[in-house]
Amino acid sequence: MAGKDASVLTISPDSPKRSSITTFGALVGSGFRRYTTYRQATIAGTFTNIVFGYLRCYVLLAVAASTLGGRPAGYDREQLATYVWLGQGLLSVIMLWAWSELAERIRTGDVAADLLRPVSPLTAYLAADLGRAGHAMLTRFIPPVVVGALCFPLHVPARWTTVPLFLLSVLLAVVVSFGCRYLVNATAYWLHDARGPILLWVLGAGVLGGLYFPLRLLPDWLAATLWLATPLPSILQTPLDVAAERDGPAMQAGLVGLQACWAVVLLTLAWIVQRRAERRLVVQGG
Amino acid sequence: MGELRAYVALAGAQARSAFSYRASFLIELVGNVGATVFDVLSVLVLFRATDRIGGFDLPEALLMTSITSSGFALADFAVGNVDRLKTYVRAGTLDAVLVRPLGALPQLLLMDLPMRKMLRVVFGVTVLAVALGLNDVDWTPARVLLVTLAPLSCAVFMGSIFVISASLAFWWVESGEIGSAFTYGGRDFASYPITVYGPAFRGLFAYALGFAFVAYQPALALLGRPDPLGLPAWAGFASPLVAIGAATVATIVWRIGIRQYRSTGS
């Protein structure tokens with residue numbers, strides 16, 4: 001690792017595999033550091049997440065209060081509160097909202113600079129996104145969960161396996177969400193302006209991801225179809241169901257397995273799309 | 001008169017620029033109405049699990065949701081763009097607005113009038129009509145007046161909230177999403193019967209900030225139901241007054257903000 005200091009990355013004489021891992025790690029680190037500079041936005045965003053947490057939690061608890069048996073869609077009161085507050089914490093980790101960085105760079109032609117780098121754009125953006133998610137997990141996830149735990153009884157996991165499974169599920173959710181966002185942004189290679197697809201993504205991800213209401217409230221056949229046929233429930237609904245222990249251990253692991261499949265499928269798809277786009281890209285601007 | 005013509009020219013330019021990209025415009029039109037459709041859909045899905053939320057059945061809850069969505073859509077269409085004030089303050093675009101001989105707020109609103117949000121208003125009003133049909137309303141002249149005033153008051157009230165939360169940017173440029181807690185948060189709050197919320201949270205949003213008068217109290221007055229939370233029957237008819245109060249506060253906050261605005265200087 002001679003000739004490598006903290007700020008400048010040089011092509012190291014180590015084995016290619018090891019050096020690509022170091023590069024990936026450095027990119028993750030820079031993604032993390034970038035978000036540590038947006039301190040005021042972090043505070044403002046967390047405040048907003050908490051306000052919405054109260055709104056959603058009270059509404060769902062009111063539904064539970066008037067449901068026969070008090071278990072709408074199979075969640076008890078504690079599980080519903082967990083669902084809402086962990087969901088509010090995860091919102092900015094999985095980044096359900098509009099992300100148009102890549103689309104903007106394609107539109108302006110700046111993407112040419114990304115293509116000149118020795119790391120493929122897909123890898124570089126994935127690394128940066130994992131760094132961003134790591135930062136969000138430390139700063140944006142914890143405050144809503146703490147507030148939720150202080151004001152409402154949350155569900156305490158009954159099985160110790162739930163905790164590592166939840167963390168794995170969050171990691172996979174970030175990758176699935178990244179894959180979707182990358183594909184949506186990549187439409188700009190063909191359309192030049194990805195605002196329409198991004199808008200549809202934000203709408204679809206919110207409803208079908210389980211933000212507006214738990215998908216289990218839908219008829220069973222519809223929920224199952226959404227889960228298998230679209231990656232969207234794997235982004236928010238799955239980690240929340242895992243944390244709330246909505247299902248038994250086998251189903252819990254199965255849902256995480258499904259997430260892993262979607263992560264592989266989406267990254268492969270993004271890789272193919274990126275390669276095809278590079279062959280036909282005419283850089284804009286000049 | 002000349003001023004008015006300048007405003008019309010500004011709005012016309014916006015409309016022309018939006019319509020010139022027809023495909024993009026259509027996609028955005030559909031996408032925007034989608035957001036409102038999903039808000040209403042959420043209420044329907046929640047009622048799959050139960051027949052009452054906070055002591056109200058589906059038609060009654062839908063009436064509250066639809067007053068809120070139609071009023072909010074109107075406010076978002078007319079003044080929602082004031083949200084972008086923080087971008088204008090940071091980039092210094094606001095300086096250009098201030099040197100022109102027209103009011104700053106109308107200019108900001110017309111600089112980016114979101115034609116794409118028009119369809120939302122239509123959808124909101126349609127749901128309101130459906131909700132009124134589902135409920136058995138005992139029509140009196142006072143209720144006819146109220147049903148026209150309630151969405152308009154809601155729009156004025158929500159518009160004031162938009163302006164107040166955007167004005168925050170005069171003091172705190174990096175305020176980011178904090179305004180959404182009160183604009184979109186307020187909309188979500190008013191979309192459900194306020195009986196569902198905990199006492200402290202309800203006290204803050206419903207009575208201290210006034211969101212109870214957006215949809216809940218007018219809906220009770222239309223239905224002729226006594227308020228389980230104890231406010232008298234005329235409270236529903238107070239919503240225009242609450243809206244005027246909010247608009248007054250918004251005007252004062254905006255004036256103070258713009259008076260003490262110092263350009264970023266770059």
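Axes are lines fitted to C-alpha atoms, for helices over the stretch in contact, and angles run from 0 to 180 degrees between N-to-C directions. Helices are DSSP runs (H or I, at least four residues), numbered from the N terminus.

This is a predicted model: local features need pLDDT of at least 70, side-chain atom pairs count only at pLDDT 80 or more, and totals for chains, interfaces and linings use all residues. Residues are numbered from 1 along each chain as its sequence is written, with chains lettered from A and ligands numbered from 1 in the order in which they are written.

**Exercise 1.** Determine how α7(A) runs relative to α11(A).

Step 1. Take α7 (residues 162-186) and α11 (residues 237-244) of chain A; their axes come within 9 Å and cross at roughly 175°.
Step 2. Angles over 145 degrees count as roughly antiparallel, so α7(A) is roughly antiparallel to α11(A).
Step 3. Find the contact residues (C-beta atoms, placed from the backbone, within 7 Å). They include F166(A) of α7(A) and V242(A) of α11(A).

**Exercise 2.** Describe the side of chain B that touches chain A.

Step 1. Count: 31 residues of chain B contact 29 residues of chain A.
Step 2. Locate: α2 (22-49) and α9 (180-191) of chain B each give two or more residues. The largest share, twelve residues, comes from α2(B).

**Exercise 3.** Is Q40(A) buried, partly exposed or exposed?

Step 1. Apply the cut-offs: buried means 20 or more other C-beta atoms within 10 Å, exposed 12 or fewer, partly exposed in between.
Step 2. Q40(A) has 14, so Q40(A) is partly exposed.

Methods. Two residues are in contact if their C-beta atoms, placed from the backbone, lie within 7 Å. Angles under 35 degrees count as roughly parallel, over 145 as roughly antiparallel, 65 to 115 as roughly perpendicular and the rest as oblique.
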